[in-house]
Amino acid sequence: MATLNHLTSIHTPTPSLRPFPARSSRNTPNLSFYSQPTPFSLSFSVKPSVKPRFRSSVIALALRTLSETESVVVPDDSDQFAGKFPPGTGVYAVFDGNGDLQFVGLSRNIAASVLAHRKSVPELCHSVKVGVVDEPDREALTQAWKSWMEEHIKATGKVPPGNESGNATWVRQAPKKKADLRLTPGRHVQLTVPLEELIDRLVKENKVVAFIKGSRSAPLCGFSQRVVGILESQGVDYESVDVLDEDHNPGLREKLKSYSNWPTFPQIFVNGELVGGCDILSSMYEKGELGGLVKK
């Protein structure tokens, strides 16, 4: 008789700000920045004589400058992050209680990055300025980050402390993502209980379960990516299951549709009950209702 002990884990590897003209500076320091969930590093060298690529120029002109962007006070309670910081991709600048810029970073999930900073360096994370990049390829993100960095260096003559080379306060390895659940070890294993029963036990024995397309480290659709971003920005301890993994979850995609009477994915269950898909979860997040639900 199969039990949920047969669920095994899988480890899998894991995209316009608003007006921001690029500024130049004679400083050429080595800089780094932290991104959640994936860390990056850059060698920052300003070369005024070299014109940026056309796309980068367009992105830069579409972004707000650092000084024009309004700051948002970081709340003490993670439940209050909803609506204050987006779970999207972009650049952000962190200020301390004295209004001094401490760090400029890039993130694929701004809300999750700010929350991580709030937990690790609360004394330095008082307010944040955010610029969301609507078409977040690496070139656009880098140009956005450089725009804010150059503006700050030109105004103050110095690099933010957290971006100085060798600073380990802000730049660190991101925590390893939790593994996705598998219903079976592989195609060769014959289920000894009906698939619907396994689904039922899975959603009832785990507080929060997200059935998504792809893994939590590499979602394969925009809706699944947003769901993962929202759950992680709220610090939710959840289980994820890839409905496209026919090797380990054969038949799950179609069977789950009939089980939940919900035709699309992702699907999020809390305490054994279907909450809904991406639109419903996004609405709850924006209204600040998600934290209360997952803590019940």
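So, helix α3 lies across β5, β6 and β7, and runs at about 170° to β6. Angles here go from 0 to 180 degrees between N-to-C directions, with axes being lines fitted to C-alpha atoms, for helices over the stretch in contact. Helices (H or I, at least four residues) and strands (E, at least two) are DSSP runs, numbered from the N terminus.

Before I go on: this is a predicted model, where local features need pLDDT of at least 70, side-chain atom pairs count only at pLDDT 80 or more, and totals for chains, interfaces and linings use all residues. Residues are numbered from 1 along each chain as its sequence is written, and side-chain values use heavy atoms, with hydrogens and water left out.

Back to α3, residues 138-156. Its end C-alpha atoms are 27 Å apart, which agrees with the 27 Å that 19 residues should span at 1.5 Å a residue; the expected span is 1.5 Å times one less than the number of residues.

Four strands make an open, antiparallel sheet in the order β4-β7-β5-β6. At the edges sit β4 (71-73) and β6 (101-107), each pairing on one side only. Two strands pair if DSSP finds at least two bridges between them. On average, neighbouring strands are turned by 25° against each other, direction ignored. Helix α2 (residues 110-120) packs on this sheet too, touching β5, β6 and β7 (127-132), and its direction makes about 25° with that of β5. Contact means heavy atoms within 4.5 Å.

How is β5 paired? With β6, strand β5 (residues 90-95) is antiparallel over six bridges, and with β7 it is also antiparallel over six bridges.

Is β5 buried or exposed? Six of its six residues are buried, meaning under 20% relative accessible area, with exposed over 50% and partly exposed in between (1.4 Å probe, protein chains only). G90, Y92 and V94 are on one side, V91, A93 and F95 on the other.

Last stop, D180 in strand β8 (residues 180-182). D180 counts as buried because its relative accessibility is 3%. The D180 side chain makes a polar contact with the side chain of S240 at 2.3 Å; that's a pair of N or O atoms within 3.5 Å, where, within protein, one must be able to donate a hydrogen and the other to accept it, and residues adjacent in sequence count only if both atoms are side-chain atoms. The D180 side chain also reaches the backbone nitrogen of R216 at 3.2 Å.
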